Amino acid sequence: MDAAESMAEDQPSPPETGPSETVGGLTEREMQILAFERQWWRHAGAKENAIRERFSLSSTRYYQLLNTLLEKPEAVEADPMLVKRLRKTRAARQRKRGARRLGIELS
């Protein structure tokens, strides 16, 4: 046995991948959320029902996680077009909500 082999044996083995293990800086759940947003319309029924069935989350909690995910640079790296589209949709909804509060009609 040479020195390199003996050093390799002394190193701890890497931890096994679990549900919170990261892939490209994103957790498995975050990757699943991006995949769901990419194709949620394929699920039968309302999106809220599909969220509850697939993630066992309320739609409010799901959207909180999604909004946090959209701010991560790793999400942009994983799927830039999807993240940009979702950010654009979110910004448009925020503008409309703000305008409604001020009594302004946006078209």
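This is a predicted model: local features need pLDDT of at least 70, side-chain atom pairs count only at pLDDT 80 or more; totals for chains, interfaces and linings use all residues.
In soluble globular proteins, nonpolar side chains tend to be buried together.

Helix α3 has Lys 47, Ala 50, Ile 51 and Phe 55 as its buried residues. Because these buried positions fall within an arc of 105° when viewed down the axis of α3, they line one face of the helix. The partners against which the buried residues of α3 pack are α2 and α4. Arg 52 and Glu 53, on the other side of α3, are exposed.

Lys 47, a charged residue located in helix α3, has a relative accessible area of 12% and is therefore buried, the cut-off for burial being under 20%. When residues up to four places away in sequence are not counted, Lys 47 touches Phe 36, Glu 37, Trp 40 and Tyr 63.

Ser 56 lies in the loop between α3 and α4, where its phi is near 55°, a positive value in a residue other than glycine. Most residues other than glycine have a negative phi. With a relative accessibility of 64%, Ser 56 is classed as exposed.

The packing of α2 was then considered. Helices α2 and α4 pack with their axes 11 Å apart and at an angle of about 100°; the two helices are therefore roughly perpendicular to each other. On the α2 side, the contact involves Arg 29, Glu 30, Ile 33, Leu 34, Phe 36 and Glu 37, which meet Tyr 62, Leu 65, Leu 66 and Leu 69 in α4. Classified by residue type, the contact of α2 with α4 comprises seven nonpolar and three charged residues, with no polar ones.

Helix α2 also packs against α6, at an angle of about 75° and with the axes 11 Å apart. This pair, α2 and α6, is therefore likewise roughly perpendicular. Leu 34, Glu 37 and Arg 38 of α2 make the contact with Leu 82, Val 83, Arg 85 and Leu 86 of α6. Four nonpolar and three charged residues, and no polar residues, form the contact of α2 with α6.

A relative accessibility of 44% makes Leu 106 partly exposed. The C-alpha atoms of Leu 106 and Arg 95 are separated by 8.7 Å, the two residues being 11 residues apart along the chain. Neighbours within four places in sequence aside, Leu 106 is in contact with Arg 95, Lys 96 and Ala 99.

Terms used:
Residues are numbered from 1 along each chain as its sequence is written. Side-chain values use heavy atoms; hydrogens and water are left out. Helices (H or I, at least four residues) and strands (E, at least two) are DSSP runs, numbered from the N terminus. Buried means under 20% relative accessible area, exposed over 50%, partly exposed in between (1.4 Å probe, protein chains only). The arc is that of the directions from the helix axis to the C-beta atoms. Contact means heavy atoms within 4.5 Å. Axes are lines fitted to C-alpha atoms, for helices over the stretch in contact, and angles run from 0 to 180 degrees between N-to-C directions. Angles under 35 degrees count as roughly parallel, over 145 as roughly antiparallel, 65 to 115 as roughly perpendicular and the rest as oblique.
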